[in-house]
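User: I am new to this structure. Please walk me through how to read its features.

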Amino acid sequence: MREPLHASTRINLEKVELLLVDDSVPSLNLLAQVLVGFGVTNLTRADSAKAAQTLLRERTFDLVISATNMAGVDGYELVKWLRRGALEANRYLAVILVSGHTPPSHVFKARDAGANFTIAKPITPKIVLERILWAAKEDRQFIECATYLGPDRRFKNDGPPPGAKGRRREDPPQALRPPAAQAQGGADPEKVKP
């Protein structure tokens, strides 16, 4: 679990080069106002994924925030292109996708495209800022293979599935129980029969 945003948290986004992508002008303007309110001064807007691709070929950015559902090339395809086809300087930058529809299948699609995080609409400034901070503190390594380039999709290591042997040296010998269950002396969920 990532740490929550506290009122005492101080950040400076003044020097962040941010690319904001959305084909809906009202959504683009709303998110831009939120970001400017956070102190972002180097904000570039793109009204389509194609315009964003042009900008990503010409300039280096620190963060991309993009809508998912756009006409033509959507946000998922933009992230895939960014990870595979953009200039080396932009391939590894943080990407946050914003979507009005976030069922698990869409979140998995964003993850598998190589996005760092997904934000559900309607957005709130607090959530946007938390995701930016999480992206800035990101400690997941980038994975590059024939079918994927992006941040490691594993957020936690609970070990291998029950009954399977781990493949990594750091895999625990068995799946870990939640700390609350251990502290309360809870029963092992695998031994409990309904």
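Analyst: Start with the contacts. This is a predicted model. Of the contacts in the protein with a separation of 6 or more, 62% join residues 24 or more positions apart.

User: How many helices and strands are there in the protein?

Analyst: The protein has seven helices and seven strands. Along the sequence they follow the pattern β-α-β-α-β-α-α-β-α-β-α-β-β-α.

User: What share of the 194 residues is buried?

Analyst: Buried residues make up 38% of the 194 residues.

User: Which residues have the most contacts inside the largest nonpolar core?

Analyst: They are Leu 35, Ile 65 and Val 128, in a core of 25 residues. Several elements build this core. β1 (17-21), α1 (25-37), β3 (63-67), β4 (94-99), β5 (117-120) and α6 (125-136) each supply at least two of its residues. α6 gives the most, with six residues.

User: What does Leu 35 touch, beyond residues up to four places away in sequence?

Analyst: Leu 35 touches Leu 18, Leu 20, Val 40, Leu 43, Ile 65, Val 128 and Ile 132. There is also a second, separate core of 23 residues. Among its members are Ala 46, Ala 52, Phe 61 and Val 73.

User: Next, helix packing. How are two packed helices described?

Analyst: By the angle between their axes and the distance between the axes. Take helix α2 (residues 49-58) and helix α3 (residues 75-85). They pack at an angle of about 20 degrees, and their axes are 10 Å apart. Angles under 35 degrees count as roughly parallel, so α2 and α3 are roughly parallel to each other. Their crossing is right-handed.

User: Which residues meet where α2 and α3 pack?

Analyst: From α2 come Ala 49, Ala 52, Gln 53, Leu 56 and Arg 57. From α3 come Leu 78, Trp 81 and Leu 82. The residues of this contact divide into six nonpolar, one polar and one charged.

User: Now the other pair. At what angle do the axes of α1 and α6 cross?

Analyst: They cross at roughly 65 degrees, and the axes come within 10 Å. Angles of 65 to 115 degrees count as roughly perpendicular, so α1 and α6 are roughly perpendicular to each other. This crossing, too, is right-handed. Leu 31, Val 34 and Leu 35 in α1 meet Pro 125, Val 128 and Ile 132 in α6. The residues here divide into six nonpolar, no polar and no charged.

User: Let me try single residues. Is Ser 99 buried or exposed?

Analyst: Buried means under 20% relative accessible area. Ser 99 has 2%, so Ser 99 is buried. Ser 99 is found in strand β4. Leave aside its neighbours within four places in sequence, and Ser 99 is in contact with Thr 68, Asn 69, Tyr 76, Ile 119, Ala 120 and Lys 121.

User: Where does Lys 109 lie?

Analyst: Lys 109 lies in helix α5 (residues 104-113). Its relative accessibility is 40%, so Lys 109 counts as partly exposed.

User: What is Lys 109 in contact with, leaving aside its neighbours within four places in sequence?

Analyst: Lys 109 is in contact with Asp 74 and Tyr 76. Lys 109 and Tyr 76 are 33 residues apart along the chain, and their C-alpha atoms are separated by 7.3 Å. Tyr 76 is also a contact of Ser 99.

Definitions and conventions
Residues are numbered from 1 along each chain as its sequence is written. This is a predicted model: local features need pLDDT of at least 70, side-chain atom pairs count only at pLDDT 80 or more; totals for chains, interfaces and linings use all residues. Side-chain values use heavy atoms; hydrogens and water are left out. A nonpolar core is a set of buried Ala, Val, Leu, Ile, Met, Phe, Trp, Tyr and Cys residues joined through side-chain atoms within 4.5 Å. Buried means under 20% relative accessible area, exposed over 50%, partly exposed in between (1.4 Å probe, protein chains only). Helices (H or I, at least four residues) and strands (E, at least two) are DSSP runs, numbered from the N terminus. Contact means heavy atoms within 4.5 Å. Axes are lines fitted to C-alpha atoms, for helices over the stretch in contact, and angles run from 0 to 180 degrees between N-to-C directions. Angles under 35 degrees count as roughly parallel, over 145 as roughly antiparallel, 65 to 115 as roughly perpendicular and the rest as oblique. A crossing is left-handed if the near helix is turned anticlockwise from the far one by less than a right angle, and right-handed if clockwise. Ala, Val, Leu, Ile, Met, Phe, Trp, Tyr, Cys and Pro count as nonpolar, Asp, Glu, Lys and Arg as charged, and the others, Gly among them, as polar.
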